[in-house]
Amino acid sequence: MIGLLASILDGLLVGSVYGLAAMGITLIWGVMDVINLTHGSMIVAGMFGLYLLFNDAGVPVYATLPPVLVAGLLFGIALYGIAVHRMIGRPPLMSLLSTFSVNLVLVGLATAEWGTVLFNVPVSLPGFSLGRYTFPGTHIMAAVMTAVIAGILYAFLFHTRPGKAVRAVSGNREAAELVGIPTTRVLALAFGLGVALACVSGMLIATLFPFTVLSGDAYQLKSFVVTVLGGLGNPTGALIGGIALGLFEGLATPFMPVSWTLVFEFVLFVIVLIAFPGGLLNLRWPRRAG
Amino acid sequence: MRVGTILGRPFFWIVAAAIALFVLAPTLGNNVELRESLLLAAVYITLASNLNLMLGYAGYVNFGSIVFFGLGGYFCIYFVNSLHWGLAPAAIAGGAAVSVLALLFGLGILRLRGAYFALATIGVNEAVMAFVTNFQPWGGGTGIYLSTELFKPLGGPAAALWVIYYILVGVMGLSLYLSYFVKLSKFGLGLLAIGQNEDAAAVLGVPAPRYKALAYCVSAFLPAIAGGLYFFKGAFIQPTDAFDLQFSTEAIVIVMLGGQGTVMGPALGAYLYEQLRGWLLTSDTFANFQLVIAGVLLLVIVLFAPGGLMGWLYGRWPRLKRVLE
């Protein structure tokens with residue numbers, strides 16, 4: 001019994017990181033109705049950011065977070081200029097294809113550079129023991145970091161002018177433009193933030209599990225599952241959805257082989273998508289016109 | 001639409017000529033190398049022109065179109081290997097089975113619009129791949145190997161490769177004609193209307209959900225047969241090959257390169273892409289950068305020439321629209 005409880009609690013810790021990744025997708029979708037298909041490769045970029053800074057430059061593990069975040073933000077803004085700006089307001093097909101093609105380029109380059117071998121960043125942190133079970137320190141730390149970043153994001157969106165501008169553009173782009181908000185810059189900022197969240201979550205995931213250049217696809221899909229659970233366009237929902245997915249994984253692990261968990265996750269994903277296209281939680285944030 | 005009007009259209013004969021060229025070119029010189037290259041082109045054309053029914057006509061991007069190809073391969077190999085059916089009934093039964101599955105999936109996921117649908121198609125491919133990897137009757141992760149004995153009914157391995165090539169060219173031809181007939185039909189007009197504005201189409205009486213599900217189902221049939229033939233030819237199937245998202249990706253690049261929503265576009269795109277791919281694979285500098293180049297190509301098309309090659313041709317010589325569909 002306590003084993004199951006421990007498994008669930010651990011699922012919650014890991015799930016919060018999935019939630020952080022999903023916030024990146026959902027923020028971009030909420031603001032500009034674009035599904036960012038570079039999400040997976042941005043998660044991998046965060047993983048390799050940690051690996052390179054830690055292994056080659058000797059930066060302490062958790063001190064890599066700020067540079068990864070800033071680099072993600074800048075790269076995201078540049079990406080917006082290259083591949084996304086021209087797609088705003090065009091059919092969803094076009095932005096899907098343009099971000100998809102950037103993803104191909106990035107994955108292709110990374111594969112040429114690093115191959116598809118497994119990378120691992122050894123992080124040792126004292127765990128927390130509960131009877132016979134020990135929660136790895138890295139899992140707890142990742143969850144704490146997630147909470148901190150989510151808190152900062154919330155403060156940014158609700159208590160700063162640029163954050164309020166992001167929400168305004170998300171609510172109604174034309175109206176925001178009319179009251180003098182520079183929408184193009186706000187869209188670029190929102191895209192940068194979404195990418196930064198993906199990078200940071202990738203960095204945190206890399207402290208938990210080994211990874212390859214191709215890991216991005218699996219985590220991108222997890223992010224989709226989470227976003228769909230929480231409702232596209234809703235960061236709070238994404239966090240809750242992530243925790244729900246972690247809970248599901250934690251619950252499932254003792255009962256089925258790991259390879260089957262994936263099948264159930266995707267089946268769950270498709271079912272939720274069909275049955276509740278607005279998300280299970282449907283707390284649309286912020287309310288959108290029409 | 002009467003048969004006579006179709007036979008009177010030059011485009012019908014252009015497609016027929018292309019098929020004849022595919023059949024004759026390698027046969028005349030008994031050129032095995034050319035045959036292999038054209039075989040891959042035929043597979044690409046089949047995948048791309050069926051993807052085009054969803055992507056180009058109805059405006060729904062399907063990132064997991066390869067799931068039809070892979071599942072068709074699995075059904076066919078299973079029928080041939082475990083139930084000892086002949087290749088033709090196995091491939092056709094595989095195609096039918098995948099179409100039925102696609103219809104069931106389609107009725108569900110096609111209630112979704114735009115981006116949600118695209119996400120679901122990625123999920124479907126991954127779910128099916130994860131399922132097959134765990135499904136022991138189909139060999140799980142290791143897959144199924146075929147004994148070369150199975151090539152005997154087709155006249156031994158060497159002759160079998162020719163037979164399979166001819167059938168694949170036939171499947172390619174059917175795909176092109178299917179794409180053409182759908183475009184000329186009321187059904188196709190309905191799909192094009194959905195692609196332009198789904199709400200307006202629905203208001204004007206296009207049964208959008210039914211048409212989309214039907215298009216999804218129809219676009220599954222021929223790729224599934226092609227998958228059956230392709231994996232039978234290789235005498236081996238495993239989940240990572242059968243559901244390789246790279247194939248889906250290439251199919252999308254091809255459709256966009258040639259021109260979405262046209263019949264000729266995917267065929268032209270597939271042929272060009274196959275040539276480019278062959279050149280990249282043999283070049284020293286670019287051998288590892290095939291996907292990168294496909295990605296850059298796709299990005300440039302999406303950003304600057306969303307009509308693809310056919311769009312450019314139509315813009316240059318508007319009269320071509322009457323001849324090349």
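Colleague: What is the average pLDDT of chain A?

Modeller: This is a predicted model, and chain A averages a pLDDT of 86. Of the residues, 95% score at least 70. Residues 283–290 of chain A fall below 50. Beyond near neighbours in sequence, that stretch still has 18 contacts in the model.

Colleague: Why is A:Ile43 called buried?

Modeller: The cut-off is 20 or more other C-beta atoms within 10 Å. A:Ile43 has 31 C-beta neighbours inside 10 Å, so it counts as buried. A:Ile43 sits in helix 2 of chain A, residues 39–56.

Colleague: Which residues does A:Ile43 touch, leaving out those up to four places away in sequence?

Modeller: They are A:Ala21, A:Ala198, A:Ser201, A:Gly202, A:Ile205, A:Gly216, A:Tyr219 and A:Gln220. As for A:His139, it is 96 residues from A:Ile43 in sequence and 17 Å away in space, C-alpha to C-alpha.

Colleague: What makes a set of residues a nonpolar core?

Modeller: Its members are buried nonpolar residues such as Ala, Val, Leu and Ile, joined through C-beta atoms within 7 Å. The largest one here has 204 residues. Those with the most contacts inside it are A:Ala190, A:Cys199, A:Val200, B:Ala42 and B:Leu168. Take A:Val200: beyond four places in sequence, its contacts include A:Leu20, A:Leu65, A:Val68, A:Leu69 and A:Ile149.

Colleague: Now the chain pair. How many residues of chain A are in contact with chain B?

Modeller: There are 31 from chain A, in contact with 36 of chain B. On the chain A side, helix 4 (92–114), helix 9 (215–230) and helix 11 (258–275) each give two or more residues. Helix 4 of chain A gives the largest share, 14 residues.

Colleague: How does the chain A side divide by class?

Modeller: It has 26 nonpolar, 4 polar and 1 charged residues.

Terms used. Residues numbered from 1 in each chain as written. Chains lettered and ligands numbered in written order. Predicted model: local features only at pLDDT ≥ 70, side-chain atom pairs only at ≥ 80, totals over all residues. Contact = placed C-beta atoms within 7 Å. Helix = DSSP H or I, 4+ residues; strand = E, 2+ residues; numbered from the N terminus. Nonpolar A, V, L, I, M, F, W, Y, C, P; charged D, E, K, R; others polar. Buried ≥ 20, exposed ≤ 12 C-beta atoms within 10 Å, placed from the backbone. pLDDT = per-residue confidence, 0-100.
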